[in-house]
Amino acid sequence: MRHEDGRKVASPEQIQAWMKQTMDWIGGIAAQNKFVGGTGLAFEEARVVMNKDSKKLVTNGPFGEIKETIGGFITVRAESIEEAVEFARGCPVLQGEGNSMEVRRIARNDGTH
């Protein structure tokens, strides 16, 4: 789940409404025995590790103030990419202008995707 502008802050009431919508959405997927897991991603105590000039640098972040943040993820059991896309289309995150959902397969442990 990507949020186009992490600087936008919703009211506590709006956040509560969106959380209920999200839980209802996940409940619908779970009712089909297709929900595997997922969670939101916190910004507090986060770090970014990167390679710069052959050195591993660690910085604080990512921060909600940056443009386009990843707000969370869910894992579903889908028969096809099309089924996974249909689940994504129902996500309440898409109510926010510019927000998006990425749909990807999880890489298998055998080196294939």
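Keep in mind that the model is predicted.

Okay, salt bridges to start. A search of the whole structure turns up five of them. Let's look at Lys34. The side chain of Lys34 meets that of Glu79 in a salt bridge, at 3.5 Å from N to O. That pair links distant parts of the chain: Glu79 sits in the loop between strand 6 and helix 2, Lys34 in the loop between helix 1 and strand 2, and they're 45 residues apart. Lys34 also meets Glu83 in a salt bridge, 3.3 Å from N to O. Glu83 is in helix 2, so this pair ties together parts that are 49 residues apart in sequence.

Now, is Lys34 buried or exposed? Lys34 is buried, with a relative accessible area of 14%, because the cut-off for buried is under 20%. Glu79, on the other hand, is exposed at 68%.

There's another salt bridge between Glu102 and Arg104, with the closest N and O atoms 2.6 Å apart. Here Glu102 is partly exposed at 38%, and Arg104 counts as exposed at 65%.

Since we've mentioned helix 2, residues 81–89, which of its residues are buried? Ala84, Phe87 and Ala88. They cover an arc of only 100° around the axis, so they end up on the same side of helix 2. What covers the buried residues of helix 2 includes helix 1 and strand 6. Turned away from that buried side, the other face carries the exposed residues Glu82, Glu86 and Arg89.

Over to the hairpin. Strand 3 (residues 47–52) and strand 4 (residues 55–60) pair in the antiparallel sense over six bridges, and Val48 has Thr59 as its bridge partner. Two residues lie between the strands, and Asp53 in the turn has a positive phi of about 55°.

Next, Leu41, in the loop between strand 2 and strand 3. Leu41 is 31 residues from Gly72 in sequence, yet the C-alpha atoms are 5.0 Å apart. Leaving out residues up to four places away in sequence, Leu41 touches Ile70, Gly71, Gly72 and Phe73. Even so, Leu41 counts as partly exposed, at 40%.

Last stop, the surface: Ile15, Trp18, Met19 and Met23 make a nonpolar patch of about 390 Å². Ile15 belongs to helix 1 and is partly exposed, with a relative accessible area of 40%.

Notes:
Residues numbered from 1 in each chain as written. Predicted model: local features only at pLDDT ≥ 70, side-chain atom pairs only at ≥ 80, totals over all residues. Heavy atoms only, no water. Pairing = 2+ DSSP bridges. Helix = DSSP H or I, 4+ residues; strand = E, 2+ residues; numbered from the N terminus. Patch = residues over 30% accessible without salt bridge, like charges linked within 9 Å, V, L, I, M, F, W, Y side chains within 5 Å. Areas by Shrake-Rupley, 256 points an atom, 1.4 Å probe, with all protein chains shown as cover. Salt bridge = Lys/Arg side-chain N within 4 Å of Asp/Glu carboxyl O. Buried < 20%, exposed > 50% of the residue type's maximum accessible area, 1.4 Å probe, protein only. Arc of directions from axis to C-beta. Contact = heavy atoms within 4.5 Å.
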